[in-house]
Amino acid sequence: MTILRAHIDRFGVGADGRLFRSGRGNVVASSTYSRVWAEARRFSLPPERVASPLAGRPYDLRHAGVSLWLNAGLPAPEVAERAGHSVDVLLKVYAKCLDGDRSRMNERIEAALN
């Protein structure tokens with residue numbers, strides 16, 4: 001959040017609330033976005049990861065975020081609302097992303113029963 005707040009303090013947001021915009025204040029062109037994304041991956045990932053599909057598209061960050069929220073134990077209806085999904089769609093798409101750590105799940109069940 002610190003980096004995000006620093007960005008907003010330095011550059012502000014667009015009239016429509018966008019964080020990132022072109023030099024003229026317009027929507028960033030998809031070709032520019034793709035080029036900058038590829039450059040950011042090369043800058044932030046080790047070489048073996050750059051060659052992998054990890055965070056290959058900006059959308060992958062959304063997927064990672066929703067998966068993180070579910071694995072952190074947020075209730076599915078809350079995650080669905082934040083992600084802009086119905087609970088049905090959320091579970092259909094993200095159920096396979098739930099960490100199958102049985103011992104942790106058993107601890108949660110035990111705690112709920114006590």
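**Reading a predicted helical model**

Author: The protein carries 17 positive and 12 negative side chains, and the centres of the two sets lie 9 Å apart. Here Lys and Arg count as positive and Asp and Glu as negative, while His and the chain ends are not counted; each charge is placed at NZ of Lys, CZ of Arg, CG of Asp or CD of Glu. This is a predicted model, in which local features need pLDDT of at least 70, side-chain atom pairs count only at pLDDT 80 or more, and totals for chains, interfaces and linings use all residues. Residues are numbered from 1 along each chain as its sequence is written, and side-chain values use heavy atoms, with hydrogens and water left out.

Reader: How many helices and strands does the protein have?

Author: There are seven helices and zero strands. Helices (H or I, at least four residues) and strands (E, at least two) are DSSP runs, numbered from the N terminus.

Reader: Why is the protein called more spread out than a compact globule?

Author: Its radius of gyration is 19 Å, well over the 13 Å that the globule rule gives for 114 residues, so the protein is more spread out than such a globule. The radius is taken over C-alpha atoms, and the rule is 2.2 Å times the number of residues to the power 0.38.

Reader: What makes up the largest nonpolar core?

Author: Eight residues form this core: Val66, Leu70, Ala76, Val79, Ala80, Ala83, Leu90 and Tyr94. Helices H4 (59-71), H5 (76-83) and H6 (87-94) each give two or more residues, and H5 supplies the largest share, four. A nonpolar core is a set of buried Ala, Val, Leu, Ile, Met, Phe, Trp, Tyr and Cys residues joined through side-chain atoms within 4.5 Å. Buried means under 20% relative accessible area, exposed over 50%, partly exposed in between (1.4 Å probe, protein chains only).
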